[in-house]
Structures are given as structure tokens and as C-alpha cells.
Amino acid sequence: METVMTKPIVVTDMKRKVQDILMAVSWRDFAGTYFQKSSSWFYHKMDGIDGNGGAGGFNQQEAEQMRNALMDLSSRIRRVAENI
């Protein structure tokens, strides 16, 4: 029987991916609301580093959580806009 080892997927360029909205979102609030983490934890993830300055980023589960959080935030913004 053969064992296949796969390397975990890590998104290290999230900051580039969200560049269009980078300055429009309070990432501190976003980190607390959607990840229940500190802003420094979140900024390290966005910059693709771990807490010790080494390589890091969003693992597959965190990247999916980020996607879902952005979708939720966009829905909230749309609802507010439609009520104006």
C-alpha cells in the first residue's frame, strides 16, 4: 500500500486578493467579528507571515472562513443600501 503525503494549502497572498477593498474595511472589526481573533493575528495572516515572522498565511479552512465572511459583509452592505 502506498501512502501519499499532500502539502497543506496555504494562501499567502490574501492582502493582494483583497487589494480593491483593503482601505474600505475595518479589518480590526472584521477579525473580531468573523474570526474572534486579534487584529495583529489577522494582519499577520494577511501579510502571509506567522506570529514569529516566518512563512504563514490562511490555511484552507481559514481561507473559506474569509470567503464566507466577505460574502456576509457584502450582503449586509447591500441590505443597508437597499433601505436608503
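Trp27 is buried, as is Phe30; buried means under 20% relative accessible area, exposed over 50%, and partly exposed in between, with a 1.4 Å probe and protein chains only. This is a predicted model, in which local features need pLDDT of at least 70 and side-chain atom pairs count only at pLDDT 80 or more, while totals for chains, interfaces and linings use all residues. Residues are numbered from 1 along each chain as its sequence is written, and side-chain values use heavy atoms, with hydrogens and water left out.

Q: What is the geometry of the ring pair Trp27 and Phe30?
A: Both residues lie in helix α2, 3 residues apart, about one turn of the helix; helices (H or I, at least four residues) and strands (E, at least two) are DSSP runs, numbered from the N terminus. Rings of Phe, Tyr and Trp (its six-membered ring) pair if their centres lie within 6.5 Å, with planes under 30 degrees apart counted as stacked, over 60 as edge-to-face and the rest as tilted. The ring centres of Trp27 and Phe30 are 5.1 Å apart and their planes stand at 75°, so the pair is edge-to-face.

Q: Is the aromatic pair of Trp27 and Phe42 stacked or edge-to-face?
A: This pair links distant parts of the chain, with Trp27 in helix α2 and Phe42 in helix α3 (residues 39-47), 15 residues apart. Trp27 has a relative accessible area of 5%, and Phe42 is buried at 0%. The rings are 5.7 Å centre to centre with 20° between the planes, and the pair is stacked.

Q: How are α2 and α3 oriented to each other?
A: Axes are lines fitted to C-alpha atoms, for helices over the stretch in contact, and angles run from 0 to 180 degrees between N-to-C directions. The axes of α2 and α3 come within 8 Å and cross at roughly 100°. Angles under 35 degrees count as roughly parallel, over 145 as roughly antiparallel, 65 to 115 as roughly perpendicular and the rest as oblique. The helices α2 and α3 are therefore roughly perpendicular.

Q: Which residues in α3 meet α2?
A: Contact means heavy atoms within 4.5 Å. On the α2 side, the residues are Trp27, Arg28, Phe30, Ala31 and Phe35. Their partners in α3 are Ser39, Trp41, Phe42, Tyr43 and Met46.

Q: At what angle do helix α2 and helix α4 pack?
A: Helix α2 spans residues 27-35 and helix α4 residues 60-82, with their axes 11 Å apart. The packing angle is about 110°.

Q: Which residues of α2 make the contact with α4?
A: From α4, the contact takes in Glu62, Gln65, Met66, Ala69, Leu70, Asp72, Leu73 and Arg76. From α2, the residues are Trp27, Phe30, Tyr34 and Phe35.

Q: Which residues does Glu62 touch?
A: Glu62 lies in helix α4 and is buried, with a relative accessible area of 13%. Leaving out residues up to four places away in sequence, Glu62 touches Phe35, Trp41, Lys45 and Gly57.

Q: What distance separates the C-alpha atoms of Ile9 and Phe58?
A: Ile9 is in the segment before β1 (10-11). Not counting residues up to four places away in sequence, Ile9 touches Phe58, Asn59 and Gln60. Ile9 and Phe58 are 49 residues apart along the chain, and their C-alpha atoms are separated by 8.5 Å.
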